[in-house]
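Here is a short briefing on one structure. Take a moment with the sequence and the 3D view, then read the points below.

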Amino acid sequence: MSGKVETFKYDDATVRKFAFATIIWGLVATLIGLWLALMLVKPSLSFGLPELSFGRLRPLHTNAAIFAFAGNAIFAAIYYSSQRLLKARMWSDALSRFHFWGWQAIIVSAALTLPMGISQSKEYAELEWPIDIAIAVVWVAFAVNFFGTIAKRRERHLYVAIWFYIATIVTVAILHIFNNLVVPVSLFKSYSIYAGVQDAFMQWWYGHNAVAFFLTTPFLGLMYYFLPKAANRPVFSYRLSILHFWSIVFIYIWAGPHHLHYTALPEWASTLGMLFSLMLWMPSWGGMLNGLLTLRGAWNRVSDDPVLKFFVVGVTFYGMATFEGPMLSIKSVNALSHYTDWTIAHVHSGALGWNGFMTFGMLYWLAPRIFQTKLWSKKLAEAHFWLGTLGILLYIVAIYTAGVTQGLMWRAFDETGRLAYPDFVETLVRILPMYWVRALGGSLFVTGIILACVNLFMTWSTRPAVYDEPVIEAPALEADTLPRPAVVIPRHRTMLESAYTLRFFAEAAWHRFWERRPLRFTIWVVVAVAVASLLEIVPTFLIRSNVPSIASVHPYTPLELAGRDIYVSEGCYNCHSQMIRPIRSETERYGEYSKPGEFVYDHPFQWGSRRIGPDLHRIGGKYPSLWHVRHMEDPRSITPQSIMPAYAWLLEDDLAFGAIQKSVDAMAMLGVPYGDAVLHAESMARKQAAELADEVVAQGGPSGLGSKKIIALVAYLQRLGTDIKKVPAPAPGATPAGKLAQNAH
Amino acid sequence: MTTSDFPEVAAPDAVSSEPKAKPAADLLDHQYDGIREYDNPLPGWWVWSFWGSFFFAIAYSFHYFVGNGVSVHDSYEQEMAVVRAEQAKRALAESVSESGLEKLTADGALMADAKALFGQRCTPCHGDRAQGVIGPNLTDAYWLHGDGSLLAIHHTVSEGVPEKGMPSWKMQLTLAQVRELAAFVGTLRGSNVAGKAPQGELVKAP
């Protein structure tokens, strides 16, 4: 069955480029992270510059860590290992180049636009629509190149690493496209087509599965190639790899709603999220087992091989994080952990420990091979390992402590039944020492990456003048004539017929057949992912009782909408939630818990995921408008211990009244019943701005704010969460507000 | 097939020298770029936990969606009911105040007691729906004595208005019952039950 022997060469030039990009972006991503960690203890480090404020930089940190560092790492892994596992050069060198340079261009455009406040405000999907389109195009080019390589492979069966790559490529495409459906307002501004509950659902379907299919499946593929290679040991269990692969692909997709426990998301969805998260524990640990148990017989080499050290600790962190994930998805645990630093500690044990260390292990293993020389310094790699490990431990222990401390303080009541810490800032001041320890841990981790940069650069500098490109020989694949597996029932059977069938499936012989049918394999991955998604998405969108209407909830006025755009652009959601949970300590602190019907005009939703500052959903009317003006100008003039950045530029920058009409039109297109505002948005906004500016002056504030951005933001903040306190307009159509209400329902 | 481009890659048979390794039969005969695979059985605890989590999920779903599972909103309401009852109890121990009486109005169980008490003591003059018979309608926004605040109502119930026929209840009921009753009357304000025409001063909605 083997055909004519063919000769070919692997393309390692692309791998070298991705490897360099990985470590450089890794340094950038972690340096920004360190800067942010320092800003949390020293807010003055933003120097009052809008581009350096926490809300704008934090998305750059997360996007750089996920898509620039981990992204380039998985591309390096895929380009190196797929060629060898499929015995074929990448399908198209041109597409490889396009993929590399396109991806770097996307990263650079992210680094330019996010600090400018150009953001969709959906976590890890902040990039605006033109960049989203570029991502889709580059990803499709990557997919074509990858599946093209599979098509011309010279290895009959697909190895488990390739399965994980396939799952990554198809699922990330689906997630990216459906979470980023927007209506553009301008080149750099768009509104999500989903609102409120649905938008939150889609975002965390995406967000959770970005973790699954960008930070887990490709890294499992990476593990399945590089770990047995480095350990020089066979993989522990083939059948375990089948079972944990398919269970991960099918189950992960459901788990997203566990990010929305106790929110306005209908509880059936978050309950499903919890149950599927629990079911994910063992599939995830299947990957860990196959990693750690593959090392049996190689443990003696771990002590003197930095590559294996990185892999052992990386896989161990994977095991820890995938135990913790299901635990955090349990509602009562989540009630304590959600909105606290616990989540931050969890993701950093995953990102630094699993993604970081697997990447470093891979890079140190790759360096001598792709640069065709010896690793410059094994000692330096060892030093990187110990600095990194110590850094992670300091980081996560400190931030776990901070998270649990703050969570317990938020829910503490004194003996008279009042909140023990009614001032939010008290709970923050208590954990600031932990933030210093985090910054220390982070700087150790960054130092390790600097050592890696030096080591890889020095290794590269001792490369041969011309890279040797060995010619590989392998027979071409001919038509598959292998028998198709079938249930064999012996003539003299000793079991029921159904038992033979059961055993056939249990032994997974059918899977071997799938492994030589890439198209069938890919279709089944798509089916698993799509079916699971649709079973949750369709009811979320179609069941009316999920979002009971509230008659007194009206669209934002044009000025409030402009203020909301500022809120989105400044990234306020990075530190403030707008979602009061039905938990006593929350309703006592913030007011009535948030209802699904309050968010029907929120394109996109702003529920947030972390409270570095207090919840803002019922901030409207809580303070005088002048309070907000002063607080935005200099938060520490109101709360001396506050770590919020100062937003003085909002008092100086002019509000673009001329652009408001377009925003209102886009919202109206999305079905927001704007009534008269679609004709007179600008004049309505100017009128409301003038009134609010007069109010600020009457309260003793500065004059001349009526044309500034701050007035729109204050208008939005003063509106937040106030609608349900209003009595519904009595006569439909009697007032503009009445008309709006009438159109809405 | 094992012509690998790196020297480190082991010949597949190097495996058999591994002391803890399974018998060679478990090593599958395929290899990818020199990587081979065992077909070890799955650890028992893993299999049990894997299927166990499925069974748990199914059982929990029945408990939660079909059985007597309590939603987070219901458990919140239950907790708040307990809290309100405690606050009401505490308010009864303090001196009478508007805010203390308001806490009583929030306690559903206490208000049910008060309603029963109202039925025994007050309906003869004020009607079974507080719509007013001999005494005034208590469900409108007009008040003969005081401004309609809880404190004023408490004063009226406690001290009575003997010249108009309203008895003083402070000797017949416990202090706690007087407060309960005052709070309960407070909850009737603005419910506008059709009955006796308004009497007294119109007061703004509290």
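I131(A) sits in helix α4 of chain A. This is a predicted model. In it, I131(A) is buried, because 22 C-beta neighbours lie inside 10 Å and 20 or more are enough to count.

**Around I131(A)**

- Which residues does I131(A) touch, once its neighbours within four places in sequence are left aside? They are I106(A), S109(A), A110(A) and T113(A).
- I107(A) is 24 residues away from I131(A) along the chain. The C-alpha atoms of the two are separated by 9.4 Å.

**Two domains in chain A**

- Domain 1 of chain A puts 44 residues into the contact, and domain 2 of chain A puts in 47 residues.
- On the side of domain 1 of chain A that touches domain 2 of chain A, the elements giving two or more residues are α2 (54-86), β2 (182-186), β3 (189-192), α6 (196-214), α14 (341-370) and α16 (424-461) of chain A.
- Which element gives the most to that side of domain 1 of chain A? It is α2(A), with 5 residues.
- By class, this side of domain 1 of chain A holds 24 nonpolar, 14 polar and 6 charged residues.

**Nonpolar cores**

- The largest nonpolar core has 231 residues. Within this core, L363(A) and I711(A) touch the most other members.
- Helix α2(A) supplies the largest share of this core, 19 residues.
- The core takes at least three residues from each of domain 1 (2-461) and domain 2 (558-744) of chain A.
- Leaving aside neighbours within four places in sequence, I711(A) is in contact with L655(A), A689(A), L692(A), A693(A), L705(A) and G706(A).
- Another core, of 22 residues, lies apart from the largest one. Its members include I153(B), V157(B), A183(B) and V185(B).

**A pair of packed helices**

- Two packed helices are described by the angle between their axes and the distance between the axes.
- Helix α5 (residues 160-179) and helix α8 (residues 238-252) of chain A pack at an angle of about 5°. Their axes are 11 Å apart.
- From α5(A), the contact uses V160(A), W163(A), F164(A) and A167(A). From α8(A), it uses S241(A), F245(A) and V249(A).
- The contact of α5(A) with α8(A) has 6 nonpolar residues, 1 polar residue and no charged residues.

**Backbone exceptions**

- Most residues other than glycine have a negative phi, and most peptide bonds are trans.
- Y124(A) is not a glycine, yet its phi is positive, about 65°. Y124(A) lies in the loop between α3 (93-113) and α4 (129-151) of chain A.
- Is Y124(A) buried or partly exposed? Y124(A) is partly exposed, with 18 other C-beta atoms within 10 Å.
- A130(B) also has a positive phi, about 60°, although it is not a glycine. Its place is the loop between α5 (123-126) and β3 (142-143) of chain B.
- A130(B) is buried, with 25 other C-beta atoms within 10 Å.
- The peptide bond joining H603(A) and P604(A) is cis, with omega about -10°. P604(A) belongs to the loop between α21 (584-590) and α22 (625-633) of chain A.

- How many helices and strands does chain B have? There are 7 helices and 4 strands.
- Along the sequence, the pattern of chain B runs β-β-α-α-α-α-α-β-α-α-β.
- Chain B has 206 residues, and 27% of them are buried.
- Among contacts in chain B with a separation of 6 or more, 60% join residues 24 or more positions apart.
- In the contact between the chains, 41 residues of chain B meet 35 residues of chain A.
- On the side of chain B that touches chain A, two or more residues each come from β1 (27-32), β2 (35-38), α1 (44-66) and α2 (72-93) of chain B.
- α1(B) gives the most to that side of chain B, with 10 residues.
- The residues on that side of chain B divide into 23 nonpolar, 8 polar and 10 charged.

How values were computed: Residues numbered from 1 in each chain as written. Chains lettered and ligands numbered in written order. Predicted model: local features only at pLDDT ≥ 70, side-chain atom pairs only at ≥ 80, totals over all residues. Contact = placed C-beta atoms within 7 Å. Nonpolar A, V, L, I, M, F, W, Y, C, P; charged D, E, K, R; others polar. Axes fitted to C-alpha atoms, helices over the stretch in contact; angles between N-to-C directions. Buried ≥ 20, exposed ≤ 12 C-beta atoms within 10 Å, placed from the backbone. Core = buried A, V, L, I, M, F, W, Y, C linked by C-beta atoms within 7 Å. Domains from an automatic or database assignment.
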